[in-house]
Amino acid sequence: MRETVVSGIRPTGNLHLGNYFGAVKNFIRLQNEYNSYFFIADYHSLTTHPKPEDLHGRVKTILVEYLAAGLDPEKATLYVQSDVPEVLELYLFLNMNAYVGELERVTTFKEKVRKQPDNVNAGLLTYPTLMAADILLHNADFVPVGKDQEQNLEKARDFAGRFNFIYGKEYFKIPQAFNFGNELVKVPGLDGSGKMGKSEGEGNAIFLAEDEKSIRKKVMRAVTDGGPTQLNQEKPEAIQNLFTLMKIVSKPETVQFFDDAYNNMSIRYGDMKKQLAEDIVAFTAPLRERIIELSNDDEYINKVARTGAEKARESASKTIREVRDIIGFRHF
């Protein structure tokens, strides 16, 4: 029997190249090798109070774009968190064994308190228990997590172990972090430093659904410098970022041509950026076309969501039945 992997997807907007070469590519690998559950975490998003129309729109956008990028509902269980009500019951049970002091010490909670002092809600405080419920609902063996979620995974491990101890039964597995090691591709942004991400500004990221004109405009505005002043000199970060992007989307001979031009001081950044823009347009074109196609196929999207919920609830309902029995709930 294959080991189980569970991972959440935040409904925060359109996918960009950084997401594609990060989370999506890794999910595709996982769906082929593990019993995989991927859920769109719409309950989690309520901590920021999204408008109803925004919430549903974001969920559909993420579902469409992950499907277009390669997630296969025949291989993995892809579902919307709010379509599986069992997660809320497990969330309740876990909250009964979670303590205010430990939740207040979670780094992400303290950061949210600092950033949004006028909206410090109970959902923010108990975010780790909801995340734990998502993971433990399917008794996951592994959870792929980024740096910002490592402490929340540690809390999930704590809650699983605490439940087992309190009720005297080794029921929940202690989930492990899934480490992709050196296989992760870090896609730089267009602002000259750091990774690609929407949080750094719209101009920093290339989105999968972006039109050709916008892609070209963004790439041509990418940060550069005055050019090399010595033969074979080390590339500054902003220039290295452009070469990293080119290695991802361009042919090796194209990268070699501009690398040689940089080393012999003949490079023209305008020409390089024009070539990079065209290569990004060519790379994203089939993804953009698939996104448009799926966005107009509500029947298929609805079917994927319903089927995913049914598969997820099969696992979730089994867990809840067994957890209720362990705690001592009985029907009269």
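Let's start inside. A search of the whole structure turns up 1 cavity of 30 Å³ or more. Keep in mind that this is a predicted model. The volume of that largest cavity is about 30 Å³.

What lines the largest cavity? The lining consists of Pro73, Ala76, Thr77, Leu78, Val304, Thr307, Gly308 and Lys311. Two elements, strand 3 and helix 13, each bring at least two residues to that lining. Strand 3 covers 77–80, and helix 13 covers 298–327. Which element gives the most? Helix 13 does, with 4 residues. Sorted by class, the lining has 4 nonpolar residues, 3 polar ones and 1 charged one.

Now stay with helix 13 and bring in a partner. Two packed helices are described by the angle between their axes and the distance between the axes. Take helix 2, residues 52–69. The axes of helix 2 and helix 13 come within 11 Å, and they cross at roughly 95°. An angle of 65 to 115 degrees counts as roughly perpendicular, so helix 2 is roughly perpendicular to helix 13.

Who makes that contact? On the helix 2 side, look for Lys60, Leu63, Val64 and Leu67. On the helix 13 side, look for Asp298, Tyr300, Ile301, Val304 and Ala305. By class, this contact has 7 nonpolar residues, no polar residues and 2 charged residues. Note Val304: this residue of helix 13 takes part in the contact with helix 2, and Val304 is also in the cavity lining.

Next, Ser295. Ser295 sits in helix 12, which spans 269–295. Is Ser295 buried, exposed or partly exposed? Its relative accessibility is 29%, so Ser295 counts as partly exposed. Now look across to helix 2. Leu63 and Ser295 are 232 residues apart in sequence. In space, their C-alpha atoms are 9.5 Å apart. Leaving out residues up to four places away in sequence, Ser295 touches Lys60 and Val64. Both Lys60 and Val64 belong to the helix 2 side of the contact with helix 13.

Two residues in loops deserve a stop. The first stop is Asn139. Asn139 is not a glycine, yet it has a positive phi of about 50°. Where is Asn139? Find the loop between helix 7, at 127–136, and strand 4, at 142–144. The relative accessible area of Asn139 is 16%. Buried means under 20%, so Asn139 is buried.

The other stop is Met265. Met265 also is not a glycine, and its phi is positive, at about 70°. Met265 lies in the loop between helix 11, at 252–263, and helix 12. Its relative accessible area is 37%, so Met265 is partly exposed.

Let's step back to the whole chain. How many helices and strands does the protein chain have? It has 13 helices and 5 strands. Along the principal axes, the C-alpha atoms fill a box of roughly 80 × 45 × 40 Å. There are 332 residues in the chain, and buried residues make up 49% of them.

One last figure, on contacts.

To recap: helix 13 gives 4 residues to the cavity lining, and helix 2 crosses helix 13 at roughly 95°.

Key:
Residues are numbered from 1 along each chain as its sequence is written. This is a predicted model: local features need pLDDT of at least 70, side-chain atom pairs count only at pLDDT 80 or more; totals for chains, interfaces and linings use all residues. Side-chain values use heavy atoms; hydrogens and water are left out. On a 1 Å grid over the protein atoms alone, a cavity is a set of points where a 1.4 Å probe fits but cannot get out, and a pocket is an open set with protein on both sides within 12 Å along at least five of seven lines; lining residues have an atom within 4 Å of a point. Grid points are joined across faces, edges and corners, and a volume is the space filled by probe spheres set on the points. Ala, Val, Leu, Ile, Met, Phe, Trp, Tyr, Cys and Pro count as nonpolar, Asp, Glu, Lys and Arg as charged, and the others, Gly among them, as polar. Axes are lines fitted to C-alpha atoms, for helices over the stretch in contact, and angles run from 0 to 180 degrees between N-to-C directions. Angles under 35 degrees count as roughly parallel, over 145 as roughly antiparallel, 65 to 115 as roughly perpendicular and the rest as oblique. Contact means heavy atoms within 4.5 Å. Buried means under 20% relative accessible area, exposed over 50%, partly exposed in between (1.4 Å probe, protein chains only).
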